[in-house]
Amino acid sequence: MRYLLLGAVLLASVAARAQHTLSILVKDDQTKQSIAGVTAYINELKRGAAADSSGHIQFNLPTGKYEIKFSMVGYLPQEKTFVLPLKNIEPVIEVYLEPMAGELAEVVVQTNRTNQNRSDVPTRIEALPAEELDEKSTMRPGDIKMLLGEITGVHVQAASAVSGTASFRIQGLDSRYTQLLQDGLPIYDGFSGGLSLVQVSPLNLKQAEIIKGSASTLYGGGAIAGLVNLITKTPGAKPELTLLLNQNSAKGTDASGFYSQQWTHAGTTIFSSYNYNGAYDPGNTGFSAVPKTNRFTLAPKVFLKPGNRDQLWFGVNLMHEDRLGGDMQVINGHADNQHQYFERNLSDRLSTQFSYTHKLDSNNQLNFKNTIGYFYRTIGEPQFLFKGDQLSSYTEANYVRNGKIASWVAGADIWTDHLSQPDRSVDLSYSRNTYGVFAQNTFKPTKWLAVESGIRLDENSPSSASSNGLFLLPRVNTLFTLDEHWSSRVGGGLGYKMPDIFNDDAEEQGYRYLQPLNIGATKAERSAGANADVNYKGAVGDAFLQVNHLFFLTKVNDPLILQNNAFINAPGYLISKGAETNIKLLMDELGIYLGYTYTDVQRHFNGLSSAQTLTPKHQLNADLTYEVENSFRAGVEGFYTGSQILDSGTTGRDYWTFGLLVQKMWKHFIIFINAENLTDQRQSKWGTIYTGSVSNPVFKNIYAPLDGRVINAGVIIKLLNNK
């Protein structure tokens with residue numbers, strides 16, 4: 001009997017020590033795709049494992065009950081209980097992780113030419129993906145002022161008190177130091193860039209990419225402060241037809257439509273919009289805070305893929321706008337001897353874009369791109385009329401090689417820019433050509449280090465000895481990836497800007513009394529800039545935290561200033577320095593976003609230092625959102641703008657604005673309501689916005705909103721939905 005008992009004990013002991021194989025496949029709950037790198041941890045055994053490249057995890061465990069915690073950056077942690085041996089014998093058990101709301105898959109950026117994931121690029125590129133652009137398009141469907149103005153480190157500055165025109169500054173530098181691109185092509189530059197912010201509708205955008213700091217290697221010397229690349233939608237696997245209708249309390253109506261279709265070897269997208277606004281004066285100043293505007297836009301594109309190695313697309317952008325601001329009586333057709341003041345902008349924009357790619361093999365490709373743009377604008381004021389025709393072009397050919405350790409981009413480009421300005425006693429016409437060659441290398445010898453270095457050589461004509469039309473522009477950026485949570489980027493480069501009268505100061509003056517540029521006596525503006533950031537991302541309990549802190553410094557020598565109606569080089573330099581902090585916290589359906597910008601721009605002229613006007617040192621934005629994916633979204637946001645020094649030497653007051661957005665989504669239908677500036681902050685509340693008489697007003701600097709509280713509501717109808 002004792003031998004039987006001993007045998008039973010031995011059998012029980014063997015059974016207790018029996019090893020069981022537990023095979024798990026981890027997948028994304030939404031895409032159903034496997035996830036590599038997921039960590040699985042058994043706390044009681046102090047054992048862990050990571051999913052391989054195919055998402056598989058395997059444990060060899062004794063009989064028993066185990067709790068396994070699965071975690072991955074960007075996904076909600078999940079705990080699963082397993083009892084071994086398994087009752088139902090399955091070769092592989094599938095575990096699904098839910099992505100955190102607002103934490104998207106890694107964004108592929110196009111601005112670096114190599115189409116890499118943003119986290120792998122040494123250059124610091126911020127990207128607004130389609131989901132954020134969809135949200136912004138319901139807040140202000142007629143332009144991208146709000147889209148850019150809510151980005152940390154970017155400040156939108158009014159260029160006119162009555163016409164609604166605006167420019168944007170990156171890290172405190174004038175807009176002439178920033179390039180605005182569409183699909184990597186400069187279609188808003190020089191004279192044609194003056195109205196760009198208020199003439200671009202966001203419905204057909206799928207991504208916006210922002211580089212802050214020198215981006216000269218690939219995009220030329222004008223990208224001193226950085227660049228913004230607006231990337232339009234391409235045809236998807238399924239056809240899409242989306243309509244947007246919007247009405248706001250400031251007498252504005254917007255109607256936009258987007259259609260896309262992909263066939264076997266061809267595809268198309270068609271975007272069109274009509275934007276109307278009646279003249280609006282909420283402060284009863286007698287002048288329009290929002291001008292009377294009629295704008296029509298049409299932008300068709302054709303995509304072709306004749307073979308496995310070749311693809312191309314061709315697009316046309318057509319826009320017409322009539323913008324009338326000024327005295328409300330004049331706008332309404334009741335001008336008299338006293339009420340005469342107006343500002344009228346008539347503009348037409350026609351541009352073509354072409355892109356061709358030939359893949360030599362899986363790692364090498366040749367690219368060719370071209371854009372030709374025609375821009376016509378008249379600016380009319382009492383007893384003054386300015387007319388200008390701009391014909392410009394950009395052509396580029398480049399070679400791209402993507403390797404495991406080293407990647408290359410090399411190419412050449414040609415810019416042409418010609419402005420004719422007839423029928424004026426003072427002729428502001430000009431012609432300029434720029435010829436450039438560039439090369440950029442990205443070297444990644446280890447997982448923790450990547451170095452991006454590049455150089456560009458530009459020759460400009462016409463130029464003079466003092467302008468120095470030949471420029472050599474080096475640039476270096478380094479990415480340190482310490483682990484899955486911590487990373488840092490450090491970089492900098494040189495830049496330049498050829499003398500140009502079409503800038504923020506000229507736009508604010510309306511080109512009245514402006515004198516032509518003295519090319520022979522005017523130097524190019526030269527710059528040197530550097531930035532460094534520290535990034536953290538990781539799970540904090542059941543939440544996901546992402547923190548980014550950036551330091552920046554840019555020096556511009558011989559900056560252009562307006563003096564006695566003529567642009568000349570200032571006797572000295574200006575320095576922009578500061579820091580940005582962004583914090584994102586995601587918890588299930590709740591998202592919290594905080595952003596702070598400190599900007600200090602100092603002018604050092606004639607040995608004296610002074611702060612740059614219309615540049616707030618402190619800006620803060622906060623956003624709280626609640627979203628049930630594809631069902632409901634609500635958000636509240638607040639923006640603080642610090643005090644600004646004005647041209648008069650006085651200081652404009654600081655202010656807060658608040659907004660509220662609610663959206664309800666169905667498969668083919670979205671309704672939305674949005675309120676901006678709920679506390680009705682208006683500069684006209686704090687004092688008069690002009691001096692002089694009603695018939696001949698001299699407007700003060702506009703540093704705060706004039707339109708006050710604006711509520712808009714509308715619908716998005718998705719007749720065909722590609723999702």
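**Entry 1: a strand and its neighbours**

Which residue is the bridge partner of Leu324 in β20? I looked it up and found Arg344. Before going on I noted that this is a predicted model, in which local features need pLDDT of at least 70 and side-chain atom pairs count only at pLDDT 80 or more, while totals for chains, interfaces and linings use all residues. Residues are numbered from 1 along each chain as its sequence is written, and side-chain values use heavy atoms, with hydrogens and water left out.

I also wrote down the terms. Helices (H or I, at least four residues) and strands (E, at least two) are DSSP runs, numbered from the N terminus. Two strands pair if DSSP finds at least two bridges between them.

Strand β19 (residues 310-326) runs antiparallel to strand β20 (residues 342-359), and 17 bridges join them. On β20 I then followed the pairing with strand β21 (residues 364-381), which is antiparallel with 16 bridges. Asp348 has Tyr376 in β21 as its bridge partner. I noted that β20 and β21 form a hairpin with 4 residues between them.

**Entry 2: the open sheet**

I looked for the strand order in an open sheet of 3 strands and read β4-β1-β7, with mixed pairing. β4 (56-62) and β7 (93-97) stand at the edges with a single partner strand each, so one side of each has no neighbour in the sheet. Neighbouring strands of this sheet are turned by 30° against each other on average, direction ignored. For that angle, axes are lines fitted to C-alpha atoms, for helices over the stretch in contact, and angles run from 0 to 180 degrees between N-to-C directions.

Strand β1 (residues 19-28) pairs with β7 in the parallel sense over 5 bridges. Asp28 stands opposite Leu97 in β7.

**Entry 3: β13**

Next I checked the cover of β13 and found 7 of its 8 residues buried. Buried means under 20% relative accessible area, exposed over 50%, partly exposed in between (1.4 Å probe, protein chains only).

Strand β8 (residues 125-128) pairs with β13 in the antiparallel sense over 4 bridges, and Glu126 has Ile210 in β13 as its bridge partner. Strand β14 (residues 226-232) is also antiparallel to β13, joined by 7 bridges.

**Entry 4: two serines in loops**

Is Ser160 buried or exposed? I found Ser160 buried, with a relative accessible area of 12%. Ser160 is in the loop between β9 (154-158) and β10 (166-170). Leaving out residues up to four places away in sequence, Ser160 touches Thr165 and Glu343; contact means heavy atoms within 4.5 Å.

A polar atom of the Ser160 side chain lies 3.3 Å from the backbone nitrogen of Val162 and one lies 3.1 Å from the backbone nitrogen of Ser163.

Ser192 is in the loop between β12 (185-188) and β13 (205-212). Ser192 is buried, with a relative accessible area of 5%. With residues up to four places away in sequence not counted, Ser192 touches Ile187, Arg349, Phe375 and Gln390.

**Entry 5: rings**

I noted the rule for aromatic pairs: rings of Phe, Tyr and Trp (its six-membered ring) pair if their centres lie within 6.5 Å; planes under 30 degrees apart count as stacked, over 60 as edge-to-face and the rest as tilted. By this rule the count is 22 aromatic pairs. Phe287 and Tyr341 have ring centres 6.4 Å apart and planes at 70°, so this pair is edge-to-face. Phe287 is buried at 2% relative accessible area, and Tyr341 is buried at 8%.

The rings of Tyr430 and Phe502 have centres 5.9 Å apart and planes at 45°, so this pair is tilted. Both Tyr430 and Phe502 are buried. Ring pairs link Phe191, Phe375, Phe386, Tyr430, Phe502 and Tyr511 into a cluster.

Last, I looked for charges over rings, meaning NZ of Lys or CZ of Arg within 6 Å of the ring centre and within 35 degrees of the ring normal. The charged end of Lys555 sits over the ring of Tyr573, 4.4 Å from its centre. Lys664 lies over the face of Trp666, at 5.5 Å from the ring centre.

Methods
Polar contact = N/O pair within 3.5 Å; in protein donor to acceptor, adjacent residues only side chain to side chain.
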